[in-house]
Amino acid sequence: MNYIIRIFAGSKIRSLLLFSLSVATFASLISYDPSDPSFNLVTDSYPSNLFLYFGSYLSDLIYQLIGISAYIIPLSFMVWSYELFRMGQITFPKVRFLLMLMSISCAACAADYFEIAILPSRSGGILGIGL
């Protein structure tokens with residue numbers, strides 16, 4: 001059991017997991033299709049999202065909440081995984097997470113003025129509408 005804990009405690013494995021999460025989130029967002037089954041649409045059709053049902057629901061939820069600024073999440077995860085891989089730790093992780101949330105909020109507010117027809121709600125999502 002201690003061997004498994006030591007493997008996952010290593011920064012290389014954690015960076016690989018974080019990178020995989022960023023690629024999976026990015027692939028889910030890129031392959032979003034409004035006709036896929038989601039929280040807003042019940043259909044018998046097979047999802048065209050790369051991660052099937054999980055990806056269609058995940059991308060719909062993220063687009064609903066924060067709109068086009070959703071791409072900040074996989075970008076941040078990718079940068080963090082690179083830093084974790086190179087240096088063994090993420091410097092100032094709480095500050096970086098807070099800055100990511102602030103940049104998502106600002107981007108959602110700015111994107112709310114644009115209209116992208118493929119998104120389930122407006123371009124800024126619920127956060128952009130609310131702020």
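The model is predicted, so local features need pLDDT of at least 70 and side-chain atom pairs count only at pLDDT 80 or more, while totals for chains, interfaces and linings use all residues. Residues are numbered from 1 along each chain as its sequence is written, and side-chain values use heavy atoms, with hydrogens and water left out.

**Cysteines**

- There are zero disulfides in the structure, a disulfide being a pair of cysteine sulfur atoms within 2.5 Å.
- Cys106 counts as exposed at 54% relative accessibility, whereas Cys109 is partly exposed, with a relative accessible area of 26%.
- For those labels, buried means under 20% relative accessible area, exposed means over 50%, and partly exposed is in between (1.4 Å probe, protein chains only).

**Salt bridge**

- Side chains of opposite charge can pair when their charged atoms come close.
- The count here comes to one salt bridge, where the rule asks for a side-chain nitrogen of Lys or Arg within 4 Å of a carboxyl oxygen of Asp or Glu.
- That salt bridge is between Arg96 and Glu83, with the closest N and O atoms 2.9 Å apart.
- It links distant parts of the chain: Arg96 sits in helix α5 (residues 93–111) and Glu83 in helix α4 (residues 72–87), 13 residues apart.
- Helices are DSSP runs (H or I, at least four residues), as are strands (E, at least two), and they're numbered from the N terminus.
- Glu83 is buried at a relative accessible area of 6%, while Arg96 is partly exposed at 26%.

**Nonpolar patch**

- Phe39, Tyr46, Leu52, Tyr53, Tyr57, Leu61, Leu65 and Ile126 make a nonpolar surface patch of about 800 Å².
- Patch residues have over 30% relative accessible area and no salt bridge; like charges are joined within 9 Å, and nonpolar side chains (Val, Leu, Ile, Met, Phe, Trp, Tyr) within 5 Å.
- The areas come from the Shrake-Rupley method with a 1.4 Å probe, and for residues only the protein chains shown count as cover.
- Helix α3 (residues 52–66) gives the largest share of the nonpolar patch, five residues.
- Tyr57 lies in helix α3 and is partly exposed, with a relative accessible area of 30%.

**Buried residues**

- Asn49 sits in the loop between α2 (11–30) and α3 and counts as buried at 3% relative accessibility.
- Leaving aside neighbours within four places in sequence, Asn49 is in contact with residues including Ala27, Tyr32, Asp36 and Ser59, where contact means heavy atoms within 4.5 Å.
- Ser15, in helix α2, is buried at 3% relative accessibility. Not counting residues up to four places away in sequence, Ser15 touches Ser81, Leu84 and Phe85.
- Ala111 lies in helix α5 and is buried at 8% relative accessible area. Ala111 touches Ile68, Ser123 and Gly124, again not counting residues up to four places away in sequence.
- Ala111 and Ile30 are 81 residues apart in sequence and 17 Å apart in space, C-alpha to C-alpha.
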